[in-house]
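Please open the model in your viewer and keep the selection tool at hand. The stops below follow one another, each with something to select and something to look at.

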Amino acid sequence: MKKLKFLFKSIFLIGLLYFASQMITWHDGRLAFRDARLNEITQTISSRFSLSQDASDRQAEETPAQTHLYNESRQVIEETFGEAINESANRYGLTWTSYHDDFRNFMMVMYDENDIAQGIYTNQDTLHIDDTLGIGSSKASVRNQMGTRQESFQRGSRRYRIQPDANYDLFLHDDQLITFFYDVHAEDTVTAIQIINQELEVLHADDFRQNQTAVLSGLRTQLFELTNATRVKFGLEPLEFSAATSETARKHSQDMAENRYFDHIALDGSSPFDRMQEDGISFTAAGENLAFGQASSIYAHQGLMNSEGHRATILTEGYDYLGIGIAIDTSEQPYYTTLYHRGSAS
């Protein structure tokens, strides 16, 4: 009888240990329970997205102040993050509204006609999805938690295929297209996040010439702000915008667009430095970055940051001024020229 009782107790203990092992598992370095409700929270993305203020501005013992951002009203967002710094047109027929503190805690929000957020972008550690994924997250953790990646997406009347070696992942969740941009120079960790309402992307204007002047000006403004937000993120001073240098950059973009070439050396043999000198721009050091074909300044900037030479130009400490020129060709492909220099602004 004693042996029988001992056997029953042993079976019970073994069963209890097995049950406990099935109830607890490691999930991205944290303990997570396999309860159906908790599993839903840890294994799938929430339909709400939160933006928390910079941790450096908080006491360690304080709870991070957060607000839900996507589908939130402008009033609520600005009550938390302050007044907008800038507004610039985009190809969605709306505007990107930027918020930052001298380019710290940088984010852009796209509001619809009812002042409801339908687009979000940030490249600093403020946006967190499901309280787990944010700037610095690994590509593996993003793919593990987000599920199936999109291999293509609809923009206007065209469908675009995402190349297997692209330095970003696109996911569809409910009505949101969520893009995680990776930094190839930081072990493919997340360096920026964009969220766009899927319907806006599908209705995306094909033709740059719709409100062309405003859109090109908006792309220039956005690229300027993105560049400075990145410089500040890396501990550098922001650059001052140069209208004169921007005109030099614009003329080179226009020349490339009209003559269908893509090169730092123009068809007349002039270099970026020749063109700057010809326009009377005084400089002691200068550099030029070019990009072509990206539908937005966000994609252009992220692509430049993943190219070693372009990245070095963006993150050069000694530059003071930045000029940006953008033009489109007859196929509605944009050409981006950015000129960095130290010296005079004119």
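Begin by selecting helix 6 (residues 212-233) together with helix 9 (residues 297-305), whose axes come within 9 Å of each other and cross at roughly 40°. Axes here are lines fitted to C-alpha atoms, for helices over the stretch in contact, with angles running from 0 to 180 degrees between N-to-C directions, while helices (H or I, at least four residues) and strands (E, at least two) are DSSP runs numbered from the N terminus. This is a predicted model, in which local features need pLDDT of at least 70 and side-chain atom pairs count only at pLDDT 80 or more, whereas totals for chains, interfaces and linings use all residues. Residues are numbered from 1 along each chain as its sequence is written, and side-chain values use heavy atoms, with hydrogens and water left out.

Now show the side chains where the two helices touch, contact meaning heavy atoms within 4.5 Å: Leu219, Gln222, Leu223, Leu226, Thr227 and Thr230 of helix 6 meet Ser297, Ile298, His301 and Met305 of helix 9.

Stay with helix 6 and ask how many of its 22 residues are buried, a word that means under 20% relative accessible area, with exposed over 50% and partly exposed in between (1.4 Å probe, protein chains only). The count is 16 of the 22, so helix 6 is largely enclosed by the rest of the structure. Helix 9 is mostly covered too, with eight of its nine residues buried, among them Tyr299 and Leu304.

Next, select Arg220, which is found in helix 6 and which, at 32% relative accessibility, counts as partly exposed. Leaving aside neighbours within four places in sequence, Arg220 is in contact with Phe241, Ser246, Ile324 and Ile326. Gly323 lies 103 residues from Arg220 in sequence, but the two are 9.1 Å apart in space, C-alpha to C-alpha.

From there, move to the open sheet of four strands, which has the order 15-17-18-16 with mixed pairing; two strands pair if DSSP finds at least two bridges between them. Strand 15 (240-241) and strand 16 (283-292) stand at the edges with a single partner strand each, so one side of each is left without a neighbour in the sheet. Strand 15 runs parallel to strand 17 (residues 321-328) and is joined to it by two bridges, and Phe241 stands opposite Leu322 in strand 17.

Helix 9, where the tour began, lies across strand 16 and strand 18, running at about 115° to strand 16.
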